[in-house]
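Please examine the sequence and structure shown below.

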Amino acid sequence: MTPGLGSYLIVSGILFAIGLVGVLLRRSPLVVLLSLEVMLNSANLALVGFGRYVGGQDGQVFALVVMGVAAAEVVVGLGLIVAMERRRLVLDTDQLVELRG
Amino acid sequence: MATVVWFVASACAIASALAVIVQRNPFIAAIALLGNLASLATLYLLLQSDFVAAAQIIVYAGAVMVMFLFVIAYVGPHAEVPDERRHTWQLIAACVAAGAILVEIALAVGRSTLDSAASVEDSFGSPQAVGEVFLTRYVGAFELVSLLLLVAAIAGVVLGSGPRPSRVVDERQRRVQEARDLAASRAGDDR
């Protein structure tokens, strides 16, 4: 008796929803980045789960590519946070509105 | 046995994800994310994806989290938004969006017919098997990711070594202005 594909997809969906709430509600850019990681990881879980149930290695390759993209995204995001800190800006996503259209 | 491990790992993953978004202290949120990553690695092992689980621990729990903790330590107390009040409509909208995604996934899973796993040989998920597919069929994606990481590394250097902090610049401008004013007043006295 092993858990089926559906159980992994449900866990992945719950994690994605939690990450989404964090991205939308938190105001500290650092915590927004952490929530984004939760969302990316939930997508990875779905990819690996589908890959296992279809029976090819493709899903795992996709998950590895997502990990690389996530690492790049973290570098740029954290670089932005360091740049904001160096310019003495308030680290609050509700006050950083200069790029608003 | 697998069901027990699945249940414990899933519960840990969901609990730690909740901790990430609820914690006010970014340091504790980052540690909670570490727990989330470890639980997900356990789930990958259950899915026989050994190499992805190892990469998850080394790349995420190792490199990415060290970077996060470094920046949290660099930013220090500024990382916490002191008064995290939010509009009620934001809370409602976020919960509606999350609920919509959950309902959608529940409906899709309920109707799926993919519940029987494919039978795979023991080498499934081993570095050889993954690497063979990665470096033949998906070699284009492999090269693109390497290019992306190079660009991201350059972006990190550029963003991290921008102009001086504005306070220092302001101080310098103020001194230059003072010197100019002094020179102008002296020129006025000479006349």
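A surface patch is made of residues with over 30% relative accessible area and no salt bridge, with nonpolar side chains (Val, Leu, Ile, Met, Phe, Trp, Tyr) joined within 5 Å. In this predicted model, local features need pLDDT of at least 70 and side-chain atom pairs pLDDT 80 or more. Residues are numbered from 1 along each chain, and chains are lettered from A.

One nonpolar patch consists of B:Leu144, B:Leu147, B:Leu150, B:Val151, B:Ile154 and B:Val158, with about 590 Å² of accessible area together (Shrake-Rupley method, 1.4 Å probe). B:Leu150 belongs to helix 6 of chain B; helices are DSSP runs (H or I) of at least four residues.

The axes (lines fitted to C-alpha atoms) of helix 3 of chain A and helix 6 of chain B come within 9 Å and cross at roughly 10°. The two helices are therefore roughly parallel, a term for angles under 35 degrees.

Side chains of opposite charge can pair when their charged atoms come close. A:Asp58 and B:Arg137 form a salt bridge at 2.7 Å, N to O (side-chain nitrogen of Lys or Arg within 4 Å of a carboxyl oxygen of Asp or Glu). This pair crosses between chains.

Technical notes. Heavy atoms only, no water. Axes fitted to C-alpha atoms, helices over the stretch in contact; angles between N-to-C directions. Parallel < 35°, antiparallel > 145°, perpendicular 65-115°, else oblique. Patch = residues over 30% accessible without salt bridge, like charges linked within 9 Å, V, L, I, M, F, W, Y side chains within 5 Å.
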